[in-house]
Amino acid sequence: MFLRSFNVFRVCFHILHVLNQNFQYFSHRLVNNKRTKCNSIFIKSRSSSLSTKLKLPTNPYLKKFNPTYYVRDLHTSYPNNAVVPFLLADIGEGITECEVVQWFIQPGDNISEFDKICEVQSDKASVEITSRYTGVIKKLHYNVGEMAKVGNPIVDIETDSSNELESSLINSEVSPPSPSAQVQSINITEPLISGEKTHTLATPAVRRVAREHNIDISNIKGTGKNGRITKENILNYVAAGKEAQPSKESNYILIHFYQLFHKTIAKTTHPHIEVVEDKLVPLSFIQKSMFKTMSRSLKIPHFGYSDEYILDDIIASRNLINDYITKNNQFSFNKISFMPIFIKSFSVALKKFPILNACVIDDDDANTAKLKFRRSHNIGIAMDTPGGLVVPNIKNVQAKSIFEIASDIRRLQEAREKNAIPPNDFQEGTITLSNIGNIGGTSLSPVIVSSEVCIAAIGKLQKVPRFEDVKDEVTGQLVEKVVGKHVIPVSFSADHRVIDGATVARFSQEWKNLLENPILLSAELR
Amino acid sequence: MRPLFPPLLVRNIIIKSRTSQQFSRFFSSDEISSRDLVFKCFISKSMDPWTNIAFEEWLFKDTNPQEIILFLWRNNSCAVIGRNQNPWKECNVRLLQKHDIPLIRRKSGGGTVFHDIGNTNYTLIMPRIDFTRKHTAELVVRALTTRLDIPAYVTERHDIAVNGLKVSGSAFKLVMRRAYHHGTMLIDTDLDRIKRYLNVERQNLITKGVESFPSPVTNLCNYSSTVSHESFCEAVKDYFTEYYRDYVNHGSNKSATTVDEEFISNIPKVAEYREEFKTWEWVYGQTPDFTHKFEKEFEWSHVKALFESKNGIITAITLTPSNIKYHNLINALEDSFEGRKYGDEKDIDNALNDVRVSEQLSGSNIGGTSISTSEMQRVVNDIGKWIKESS
């Protein structure tokens, strides 16, 4: 059991290391030092089912969720030459409709991405709408002077499918892959890998409805134009009595780390066919962006520093805090994890080492480079979302209590369930703290975010034997004994252009002190 | 210290928000990799409204989208209507023409304002992702409160007010990569003139497009003895430069570029835009569809008129006299008016002349019933005068 889970975690790690799907950027690369057999398994078995190679338990429930490399990341792609309705996107400020003032195109015109389509006017703002697609304009839904509703189509564009993969990936905020959706993804792709052609014509809105109702869209007969499946078809299908659909309950049978495994496989596997020969594939849009972000971090010379902290006292403190929380129902969460405590103590230690919270500007040349010291500690935390790893930050940690930080984390977790973390939470981070401990890891080597100078990563909490001087009950003397200690490995990376090893070492000692002696946290209270 | 945390301080991690589809498209990969923003400030010495608005357009369209630009300007007397407004509904076009006051249609939305040299305009041009309605207004308010000691605040309509009275209105324009927020600031305007030129009671003019939201206004000079165009520009420029200090090019000597006629004459595009802003097609031709009803009791008959107009041109006109004796003459007038520019005196005269000429040619006997020439002349003149007054 342990071996299986160990293998699972190794592969997860490697997958996370290699693949980051979706349009969230994270400048965070966690490398597990213990990369041994895992690699070869991964490489060898690239073209075959993972489950056989890694000998997953043949749980009958799991057979349904057999993850193969054919699993495609959930998005809506169009069959060839579909007519795509271009929706009027949200122009902000809670505006629900606006008047069409001017069309820049006519039906029949060729249009490419980013070309102007029309100008709309809300009460005070005049907005130019540009096209998302390349193709031919088929139909204008509004005349000049009519009120266009946000979220409704304003033009129909006939596109060719080669563009669709990219743009649907970009726009696939439609896909909050819930656990049930994993199954859906497999179902939807099956027609594509099987020999028959089952063109399911449906607009993305309709596909979303199908997903929500857990229906395989290829099973529905369409009554719309050209055999298109409409929303009514789906609702009728649902009302008419469902056939055997993968029920939601079976998902809950999945054990936690298997769920994580499937999530990572399903979401992070590159959506494609098996590789039977060498192939040149250009980077997807998201990969390109990640490439650039990572390349920017390259110019920072990293140095690493690792340490391990003993957390027995913190564990006891946390239990006390959780008891307190369960007694008092005033919080939005039932218990806290270690993160709020880590974050707050991090911030308290950071007060003594403000250079770690700084940022380097004008760094092209040593003569123009400056350090910008920042007053607020906006600590970024790494979060695993259904769509990948993201790093939102908690603002002004120096002014928040542990409870407030915990409720912030709770809010972010809730937002990430819906894939709806607001952009404000991703901006103005000053330092990052990453906890990969729930997956594993001991010695880590994180990559610094290019607008910061330091990053800390926490590995897995483990109980390990350590020597300690303990008072022997019999003799009353101090005797060296082996005791079990809860130890957590912590690794730092810092920008060696402006920070030296001693600073990080001292900071680590300070943080360690606060964590190993939690009473000192309260001594720092103001 | 930066009291605001606007999206302006976007770090190098740019996360595409799933809540806004358009956000994700505005970045090409190159833009993501470098957010090299630069802040620039321009102050205009010219008071020609056409020149200033053309220059603003040039700054918006033809400079680098990575530049954040503050432009401060003021105009001689002029009336400025929003992109999608009806000038005949919003202001007294007749009076403006009579007093030779230019009427300008700007490219951003919003309502109608009256400018004179006691009113200073500010424009902030920024990348589209950083745009929020509150941002610029907040900064201007802070400039006023901290540097000029004027207790201003931002209203919920994103205007600036002091003591419950409006001092600044604003409008926005958003295109793919850029957006701007510009607004007025009443420093020492003649408020009566505003009332005079912008006061139009036209209940029977029903139009599409955006209507102005009139509010009671006041001048900044009522709240401060030191405020003037120069001190306002100074305060705003300093505050914005301080706020954007990370993006200011410290290499250049001056903090703001003064824009005068010579500077502008070196930019041919500005002249192009200026001409475009002056054309009838832009100012009146961009009027949304509207209908206008009015009636009058003449000695010879009671006439009702209904105008329908698209793009400033009269597409249909119905004149309904109560006395059928003039029916045919009225029909001739209707035909003649169709296709003419609405509210344009010359065109109305042309229409009338056409009818007069055709009358004379056909011997004032259109359709049979006999009307004497003098009668015909009187009817035509009366109607002409009435339409000119009412439209």
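Q: How much helix and strand is there over residues 201-238 of chain A, and how far apart are the end C-alpha atoms?
A: Keep in mind that this is a predicted model. The stretch is 45% helix and 0% strand, with its end C-alpha atoms 18 Å apart.

Q: Which UniProt annotation covers residues 201-238 of chain A?
A: The record, an unreviewed entry, gives "domain: Peripheral subunit-binding (PSBD)" for those residues.

Q: OK, helix α8 of chain A, then. Which residues are buried?
A: In α8(A), residues 231-239, the buried ones are A:Asn233, A:Ile234, A:Tyr237 and A:Val238. They span an arc of only 130° around the axis, so they sit on the same side of the helix.

Q: And what do they pack against?
A: The buried residues of α8(A) pack against α7 of chain A, residues 204-212.

Q: Which exposed residues are on the face turned away from the buried side?
A: That face of α8(A) carries A:Asn236 and A:Ala239.

Q: Switching to aromatics. How many pairs over all chains?
A: There are 37 aromatic pairs. Take A:Phe331 and A:Phe333: their ring centres are 5.4 Å apart and their planes at 20°, so the pair counts as stacked.

Q: Is A:Phe333 buried or exposed?
A: A:Phe333 is buried, at a relative accessible area of 5%.

Q: What about chain B, which residues form an aromatic cluster?
A: One cluster has members including B:Trp88, B:Trp280, B:Tyr284 and B:Trp386.

Q: Which charged end sits over the ring of B:Trp280?
A: That of B:Lys341, 4.6 Å from the ring centre. Elsewhere, B:Arg157 lies over the face of B:Phe213, 4.0 Å from the ring centre.

Methods: Residues are numbered from 1 along each chain as its sequence is written. Chains are lettered from A and ligands numbered from 1 in the order in which they are written. This is a predicted model: local features need pLDDT of at least 70, side-chain atom pairs count only at pLDDT 80 or more; totals for chains, interfaces and linings use all residues. Side-chain values use heavy atoms; hydrogens and water are left out. Buried means under 20% relative accessible area, exposed over 50%, partly exposed in between (1.4 Å probe, protein chains only). Helices (H or I, at least four residues) and strands (E, at least two) are DSSP runs, numbered from the N terminus. The arc is that of the directions from the helix axis to the C-beta atoms. Contact means heavy atoms within 4.5 Å. UniProt positions are given in the numbering used here, feature names are shortened, and annotations may be inferred rather than shown by experiment. Rings of Phe, Tyr and Trp (its six-membered ring) pair if their centres lie within 6.5 Å; planes under 30 degrees apart count as stacked, over 60 as edge-to-face and the rest as tilted. A charge sits over a ring if NZ of Lys or CZ of Arg is within 6 Å of the ring centre and within 35 degrees of the ring normal.
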